[in-house]
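Please keep the structure open as you read along.

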Amino acid sequence: MEEHINWEGVIAGDVPSHTALYNLYFDRLFNYGRKLTADESLIEDTIQETFVRLWADRQKLPPAAAWNGYIFRMFRNALFRHFRDAERHRLSLEELEARLPEFNADHILLARESDAATQARLRKAIGALSARQREAIFLRFYENLSYDEIAAVMDISVKASYKLMARALNEMREAMGLSLVALLFLLRPC
């Protein structure tokens, strides 16, 4: 999908290239934002803010191969900044992250899974994960981000993204009584 974007045009300030990038990412960022807040106006404003900032800082952008994670991270950081501003320094960052809306298992379940019993077991297993584990599962299996991109989005090391994903998958595998292969088949990207 990214191959349709003229990355050099974006960096050079080509408006149609920037518009194409915005159109490519708007729905994906909006969907990701819905996992973090129910405030759709805030999500739209934050997407706008993200792309205005991308435009302003286009000369400093990373290589095209790293843009996917970079754009998600910019959006996530901007959204968290709004959350922090709203709390007006009353809470520590850990308390603030703990208060953020949690990823719901329904956001991660894939529509193609038609077996109701399997869906219920998968929903329960995902629901038992921590919010950060659910976010990592969403980014990996719904947004199809790489571990490097997940690390960039969640502001953690690549090694930590592997550990987070491994723990999440292990907990889900044990909860569902499935092999890892069977679980990965259920979570496979579209």
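The text below looks at a helix pair and then at salt bridges.

Please bear in mind that this is a predicted model. Let's begin with helix α8 (residues 131-142) and helix α10 (residues 158-176), whose axes lie 9 Å apart and cross at an angle of about 100°. Because angles of 65 to 115 degrees count as roughly perpendicular, α8 is roughly perpendicular to α10. On the α8 side, the contact is formed by Arg132, Gln133, Ala136, Ile137, Arg140 and Phe141. Helix α10 contributes Leu164, Met165, Arg167, Ala168, Leu169, Glu171 and Met172. Sorted by class, the contact has eight nonpolar residues, four charged ones and one polar one.

| Salt bridge | N to O distance |
|---|---|
| Arg76 with Glu135 | 2.8 Å |
| Glu40 with Arg34 | 3.1 Å |
| Asp57 with Arg53 | 3.8 Å |

Which helices hold Arg76 and Glu135? Arg76 sits in helix α4 (residues 67-87) and Glu135 in helix α8, so the pair links distant parts of the chain, 59 residues apart. Arg76 is buried, at 4% relative accessible area, and Glu135 is buried as well, also at 4%.

How exposed are the partners in the remaining table rows? Glu40 is partly exposed at 37% relative accessibility, and Arg34 is partly exposed at 34%. Asp57 counts as partly exposed at 24%, as does Arg53 at 39%.

How values were computed:
Residues are numbered from 1 along each chain as its sequence is written. This is a predicted model: local features need pLDDT of at least 70, side-chain atom pairs count only at pLDDT 80 or more; totals for chains, interfaces and linings use all residues. Side-chain values use heavy atoms; hydrogens and water are left out. Axes are lines fitted to C-alpha atoms, for helices over the stretch in contact, and angles run from 0 to 180 degrees between N-to-C directions. Helices (H or I, at least four residues) and strands (E, at least two) are DSSP runs, numbered from the N terminus. Angles under 35 degrees count as roughly parallel, over 145 as roughly antiparallel, 65 to 115 as roughly perpendicular and the rest as oblique. Contact means heavy atoms within 4.5 Å. Ala, Val, Leu, Ile, Met, Phe, Trp, Tyr, Cys and Pro count as nonpolar, Asp, Glu, Lys and Arg as charged, and the others, Gly among them, as polar. A salt bridge is a side-chain nitrogen of Lys or Arg within 4 Å of a carboxyl oxygen of Asp or Glu. Buried means under 20% relative accessible area, exposed over 50%, partly exposed in between (1.4 Å probe, protein chains only).
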